[in-house]
Amino acid sequence: MPEPLPVPIKFQLPEGWRAAPPDELGVPGAAFVALHPHPDAGFTANITIDGEYRPDTATLQEIAHESVERLRQASSSVDVVERREIGSADAPGLTQSVAISTVAAGARLELIQVQVYLSMLDPGDLRKRAVVRLVLTATASQHSAVLPDFQEFLRTVHPDTGAVS
């Protein structure tokens, strides 16, 4: 069963991408997964969304580092290619690109993952901080073709202030 996000968001998928059940794809903790219509080298580019309340004082840099460490436990090689802060003081964010080398179904895969972290306050309780993570994962060879779709998707993401708690 998909994990609910700590704060509601709205977004629109790029043309051709389709939603898929996270639990059927083996993506634990994901609230949402979308798949690209054209796999590359047996791997389907995907967009995942997850999030959690972070009552601690961890910075977005520290939270991004935690994600990299989790990837290192499951992959043979993980390198942070770029990391930068985005957004504003009122709506902080961070983006990082990660090169991943892993083996799936006996074949070596070279993947690129773009992770975007958005810090949001719970509209129901402004003392609660949530971090929503939006991730594009694609093969290194397909990455440049699907990155514009991910950027288009990111432009549509915003809090769903009309959602009922």
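# Rings and layout in a predicted chain

Biologist: What radius of gyration does the chain have, and what would a compact globule with 165 residues have?

Modeller: This is a predicted model, where local features need pLDDT of at least 70, side-chain atom pairs count only at pLDDT 80 or more, and totals for chains, interfaces and linings use all residues. Residues are numbered from 1 along each chain as its sequence is written, and side-chain values use heavy atoms, with hydrogens and water left out. The radius is taken over C-alpha atoms, and the globule rule is 2.2 Å times the number of residues to the power 0.38. For 165 residues a compact globule would come out near 15 Å, which agrees with the chain's 16 Å.

Biologist: Which elements does the chain have, and in what order do they run from the N terminus?

Modeller: Helices (H or I, at least four residues) and strands (E, at least two) are DSSP runs, numbered from the N terminus. That gives 3 helices and 9 strands. The order is β-β-α-β-β-α-β-β-β-β-α-β.

Biologist: Is Ser 75 buried or exposed?

Modeller: Ser 75 sits in the loop between α2 (60–74) and β5 (77–87). Leaving out residues up to four places away in sequence, it touches Ile 100, Ser 101 and Thr 102; contact means heavy atoms within 4.5 Å. Buried means under 20% relative accessible area, exposed over 50%, partly exposed in between (1.4 Å probe, protein chains only). Ser 75 has 17%, so the label is buried.

Biologist: What kind of aromatic pair do Phe 11 and Phe 153 form?

Modeller: Rings of Phe, Tyr and Trp (its six-membered ring) pair if their centres lie within 6.5 Å; planes under 30 degrees apart count as stacked, over 60 as edge-to-face and the rest as tilted. By this rule there are 3 aromatic pairs. Phe 11 and Phe 153 have centres 5.5 Å apart and planes at 70°, making the pair edge-to-face.

Biologist: How many residues apart in sequence are the parts that this pair ties together?

Modeller: Phe 11 is partly exposed at 28%, while Phe 153 is buried at 0%. Phe 11 lies in the loop between β1 (9–10) and β2 (18–20) and Phe 153 in helix α3 (residues 143–156), so the parts tied together are 142 residues apart.

Biologist: And how do the rings of Phe 150 and Phe 153 pair?

Modeller: Both lie in helix α3, 3 residues apart, about one turn of the helix. Phe 150 is buried too, at 0%. The ring centres are 6.0 Å apart with planes at 25°, so the pair is stacked.

Biologist: Which residues do ring pairs link into a cluster?

Modeller: Two of them, Phe 150 and Phe 153, lie in helix α3. The linked cluster is Phe 11, Phe 32, Phe 150 and Phe 153.
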